[in-house]
2 protein chains.
Amino acid sequence: MIKIAVDAMGGDNAPSEIVKGAVEAVSERPDITVCLTGQEDIIKKELEKYTYKKEQIEIVPASEVIETGEPPVNAIRKKKDSSIVVGMNLVKRGEADGFVSAGSSGAILVGGQVIVGRIKGVERPPLAPLIPTEKGFSLLIDCGANVDARPSHLVQFAQMGSIYMEHVMGVKRPRVAIVNIGAEEEKGNALVKETFPLLKECPGINFIGSIEAREIPHGGADVIVCEAFVGNVILKLYEGVGATMISMIKKGMMSSLRSKIGALLIKPALKSTLKSFDASQYGGAPLLGLKGLVVKTHGSSKANEVKNSIIQCIAFKEQAISEKIGQCLSPREEDIKEP
Amino acid sequence: MIKIAVDAMGGDNAPSEIVKGAVEAVSERPDITVCLTGQEDIIKKELEKYTYKKEQIEIVPASEVIETGEPPVNAIRKKKDSSIVVGMNLVKRGEADGFVSAGSSGAILVGGQVIVGRIKGVERPPLAPLIPTEKGFSLLIDCGANVDARPSHLVQFAQMGSIYMEHVMGVKRPRVAIVNIGAEEEKGNALVKETFPLLKECPGINFIGSIEAREIPHGGADVIVCEAFVGNVILKLYEGVGATMISMIKKGMMSSLRSKIGALLIKPALKSTLKSFDASQYGGAPLLGLKGLVVKTHGSSKANEVKNSIIQCIAFKEQAISEKIGQCLSPREEDIKEP
């Protein structure tokens with residue numbers, strides 16, 4: 001039985017959509033249990049709306065809530081009884097196999113490192129969302145809050161991203177590329193130029209070279225390596241351009257009677273197209289390199305995204321991703337000087 | 001009479017679309033002359049296809065062509081009789097008011113600095129394309145090839161971008177924002193954190209703070225300041241996400257008879273919507289801060305983009321942008337120690 005802790009209080013649509021997502025997840029998977037962390041009376045009231053197997057959902061009370069704007073280090077330190085800290089402690093103590101939250105990114109990133117802790121050998125845990133492409137999806141690694149990365153961090157991102165894509169998402173020999181401003185090896189900023197040869201020499205990854213941002217939506221690589229500032233820009237621009245185009249197309253279609261009729265006819269086809277370009281169906285972004293699984297879902301997550309994030313944790317646990325990362329990145333014995 | 005030099009040999013569609021664009025520009029504007037630089041016989045043959053006022057187009061022969069893949073510094077140094085070097089020399093000698101090229105970005109950036117030369121006080125000339133937004137367009141500054149910028153460069157980008165948007169594009173008190181991974185002042189990488197207070201104190205610009213990438217397509221600012229690596233990622237991802245979505249929507253609409261009929265009905269409306277989100281209508285990207293005007297148009301430019309790039313030069317010249325930048329950025333007299 002796999003047990004996933006879920007932050008019932010985090011995100012724009014908490015607690016209703018979070019609780020709904022948890023109910024949908026346990027209905028789909030009879031082999032899991034969900035622990036909802038947060039204010040008991042509120043969660044109970046939400047749960048009363050649904051029919052589900054009582055033994056599959058439990059509530060772990062947490063009286064406090066970390067708000068999005070709060071300085072994360074302080075929040076994690078002071079709000080010991082918050083839904084995030086309580087959920088992460090469940091993972092730390094081995095009482096849950098993973099923790100899903102749509103709450104404050106900063107608090108989740110800090111909490112992951114401080115409470116759950118890094119795997120030995122991991123220099124920096126990256127946040128790695130899946131982004132939709134023409135061919136399916138790619139892993140964008142890192143989109144976290146730790147900017148100004150070093151080349152060795154990027155190499156570890158490539159290794160961790162490859163393990164995740166191969167064993168959780170089932171992509172054979174995932175193609176790894178580094179985000180660059182041209183395809184040639186001599187192009188790039190100082191970080192990319194230093195990292196490129198390290199990636200070329202890195203064993204166990206399928207490095208295909210540089211990727212220009214234009215090729216990302218076409219599915220030019222499976223693991224897109226970049227430092228967090230650039231990753232954040234890519235992730236948010238993806239959303240922004242997509243949302244703007246959809247809104248402009250909708251407005252455009254309402255501009256004449258002719259196009260209004262056309263719009264009605266293409267609606268079902270358009271809907272399924274846009275769905276395949278919607279990040280929410282892929283669940284949340286794992287924070288890789290931690291001793292336990294922590295998944296950050298979008299702040300505006302609805303039940304479907306929460307459900308998918310919970311289900312994503314199953315493969316992560318079953319495939320023993322943290323152990324695989326540990327084996328790949330932990331200092332080799334010959335490097336350790338102590339007897 | 002304003003005279004614009006145009007590289008007839010640069011870009012994927014040279015010389016045919018370049019020459020066509022030049023003809024369209026002079027047909028629209030009887031007050032300009034275009035000098036086409038490149039191989040005389042080839043240009044002549046293209047010009048024979050059109051009717052235009054002969055005195056408005058002249059050919060300035062250049063026997064060599066700089067290819068896209070060539071190392072730019074070498075190319076500019078060695079190919080003295082290339083269409084790019086010949087065109088830039090016309091600007092340098094004051095025989096042309098501006099130079100438009102769809103050729104090698106690297107060669108244009110290097111040539112701009114080496115041949116045309118920087119305005120006194122300008123530390124680094126940025127490449128600043130206009131990008132489409134929901135509300136119209138914004139200036140993305142810098143998308144050039146000089147990565148790893150310093151805070152003082154970014155401040156100058158904000159100043160030059162403001163001058164361009166106000167006087168060439170007619171945007172009153174353009175809103176200036178710096179690309180960041182959060183709206184709060186304490187967020188960002190080292191470069192952004194150092195630049196932010198400098199922008200706040202910079203006189204003569206309307207600084208509105210940070211902008212997240214998500215807000216760029218919504219038109220959240222008029223002048224989007226960033227260093228070239230991030231700018232390049234933004235520009236190319238814009239293109240990539242847009243192209244992918246359009247191709248997916250088209251494919252989606254062809255999936256059933258019902259949606260095919262709908263597609264026919266919405267076609268005109270959709271076309272005008274997509275046109276308003278098409279960067280090509282705004283002409284090329286100026287390389288700001290040079291003693292003369294150099295405009296880089298997209299490598300895949302067609303006649304319409306070439307025409308718009310040429311016409312854009314008129315406002316640049318009429319508004320004396322280089323002089324305005326010089327006045328704004330040149331070292332103030334009290335800073336100069338010599339008598």
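Author: A residue counts as buried under 20% relative accessible area, exposed over 50% and partly exposed in between, with a 1.4 Å probe and protein chains only. The model is predicted, so local features need pLDDT of at least 70 and side-chain atom pairs pLDDT 80 or more, while totals for chains, interfaces and linings use all residues. Residues are numbered from 1 along each chain as its sequence is written, chains are lettered from A in the order in which they are written, and side-chain values use heavy atoms, without hydrogens and water.

Reader: How is the pair of A:Tyr164 and A:Phe316 classed?
Author: Rings of Phe, Tyr and Trp (its six-membered ring) pair with centres within 6.5 Å, and planes under 30 degrees apart are stacked, over 60 edge-to-face and the rest tilted. Over all chains there are four aromatic pairs. In this one the centres lie 6.0 Å apart and the planes meet at 50°, so the class is tilted.

Reader: Are A:Tyr164 and A:Phe316 buried or exposed, and how many residues separate them?
Author: Both A:Tyr164 and A:Phe316 are buried. Helices here are DSSP runs (H or I, at least four residues), as are strands (E, at least two), numbered from the N terminus. A:Tyr164 belongs to helix H6 (residues 151-167) of chain A and A:Phe316 to helix H10 (residues 303-318), so that the pair joins distant parts of the chain, with a separation of 152 residues.

Reader: Which strand of chain B holds the partner of B:Phe196?
Author: B:Phe196 and B:Phe207 form an edge-to-face pair, 5.2 Å centre to centre with 75° between the planes. B:Phe196 is buried at a relative accessible area of 6%, and B:Phe207 is buried at 16%. B:Phe196 lies in helix H7 (residues 190-201) of chain B, whereas B:Phe207, eleven residues apart from it, lies in strand S8.
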